[in-house]
Amino acid sequence: MDKEEQDRLKKLAAVKAAELVKPKMKLGVGTGSTVAFLIAELGRRKKEEGLELAAVVTTSSRSKKQLESYGFQVDELATVDQLDLTIDGADRIAANFDGIKGGGGALTMEKNVAVNSRQVVWIVDESKMVDHLSGFPLPVEVLPISCEQNFKLFQAEGLNPKWRLTGNKRFVTHYGNYIIDLNIDPIPVPSGLADYLDHTVGVVEHGLFLGMCNEVIIAHVNGNIEDRK
Ligand code: 5RP
């Protein structure tokens, strides 16, 4: 699928998901090119229908800037008790709704927003759907203080680590950390790997989002928009 076609599908999924957003909701908004279409649609609704939300929390400075450009006031997650709904993109989604996220490097904020949301909806084009998690490197955010040790440990464990780069420099996250992408394809036991990473000192967060999503909106090449729950 070329980029133009993929963007067409991303927009279809995003506009469909925007229908789930009701006035006075406390809304979580994710990050990425699919979410950019969602924010544009919310902006349109604000302008044309006067959509007002009780709170809006987002997961990157990029999404924050876009939301603010449409006149939404963006809140800090810590000031909002629980979000009603979060809509986000994903890099891969398995049949059981486990996902890989963090392609844009915003995984730590994304996971914090997801676990503090009553309902989590992911919006994707059909190319992101897989039977078992595969086909995308798994991002792991690590503290600079022990990042070299983490990298060597992942090498020794056979997890095929690669530094995420921007140009020839290491990618730096919102929180000043680095990202190591693990190249394991497919991920044989996601829960086992998540447990290992959760217990590795120096790992801030990882892109395995297991059991966190309730609904997936998938745009298909044939124009169908599937709402899977
Ligand atoms: C960012 C993410 C994004 O949701 C994911 O990478 C999908 O992005 P896109 O909609 O641009 O394909 O997890 O950290």
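The model is predicted.

**Figure 1. The shell around the ligand.** The ligand is surrounded by 17 residues. The closest are Gly-32, Thr-34, Gly-89, Gly-103 and Gly-104. Two helices, α2 (33-49) and α4 (107-115), each supply at least two residues of this shell. Sorted by class, the shell holds 10 polar, four charged and three nonpolar residues.

**Figure 2. Glu-110, an annotated position in α4.** An unreviewed UniProt entry lists Glu-110 under "active site". Glu-110 belongs to helix α4. Buried or exposed, by C-beta neighbours, is Glu-110? Glu-110 has 29 C-beta neighbours inside 10 Å, so it counts as buried; the threshold is 20 or more. Leaving out residues up to four places away in sequence, Glu-110 touches Gly-30, Thr-31, Thr-59, Asp-88 and Lys-101.

**Figure 3. Helix α2 and its packing.** The 17 residues of α2 should span 24 Å at 1.5 Å a residue, and the end C-alpha atoms are 24 Å apart, so expectation and model agree. Buried residues of α2 are Thr-34, Val-35, Phe-37, Leu-38, Ile-39 and Leu-42. Which elements do the buried residues of α2 pack against? They pack against two helices, α1 and α3 (61-69). They also pack against the strands β1 (26-29), β3 (83-88) and β6 (117-125). Just after α2, Gly-50 takes a positive phi of about 70°.

**Figure 4. The largest nonpolar core.** In soluble globular proteins, nonpolar side chains tend to be buried together. The largest nonpolar core here has 59 residues. Ala-13, Ala-17, Leu-38 and Ile-123 touch the most other members. Helix α1 (residues 3-18) gives the largest share of this core, six residues.

Figure 5. Pro-186 sits in the loop between β11 (178-182) and α6 (190-198). Pro-186 has 13 other C-beta atoms within 10 Å, so it is partly exposed. Pro-186 touches His-132, Leu-133 and Ser-134, residues up to four places away in sequence not being counted. Along the chain, Pro-186 and His-132 are 54 residues apart. Their C-alpha atoms are separated by 7.1 Å.

Figure 6. Lys-24 has phi near 70°, a positive value in a residue other than glycine. Lys-24 lies in the loop between α1 and β1. How many other C-beta atoms lie within 10 Å of Lys-24? There are 11, so Lys-24 is exposed. Asn-160 is not a glycine, yet its phi is positive, about 50°. Asn-160 is found in the loop between α5 (147-156) and β8 (161-163). With 14 other C-beta atoms within 10 Å, Asn-160 is partly exposed.

Definitions and conventions: Residues are numbered from 1 along each chain as its sequence is written. This is a predicted model: local features need pLDDT of at least 70, side-chain atom pairs count only at pLDDT 80 or more; totals for chains, interfaces and linings use all residues. A residue is near a molecule or strand if its C-beta atom, placed from the backbone, lies within 6 Å of it. Helices (H or I, at least four residues) and strands (E, at least two) are DSSP runs, numbered from the N terminus. Ala, Val, Leu, Ile, Met, Phe, Trp, Tyr, Cys and Pro count as nonpolar, Asp, Glu, Lys and Arg as charged, and the others, Gly among them, as polar. A nonpolar core is a set of buried Ala, Val, Leu, Ile, Met, Phe, Trp, Tyr and Cys residues joined through C-beta atoms within 7 Å. A residue is buried if 20 or more other C-beta atoms lie within 10 Å of its own, exposed if 12 or fewer, and partly exposed in between; C-beta atoms are placed from the backbone. The expected span of a helix is 1.5 Å times one less than its number of residues. Two residues are in contact if their C-beta atoms, placed from the backbone, lie within 7 Å. UniProt positions are given in the numbering used here, feature names are shortened, and annotations may be inferred rather than shown by experiment.
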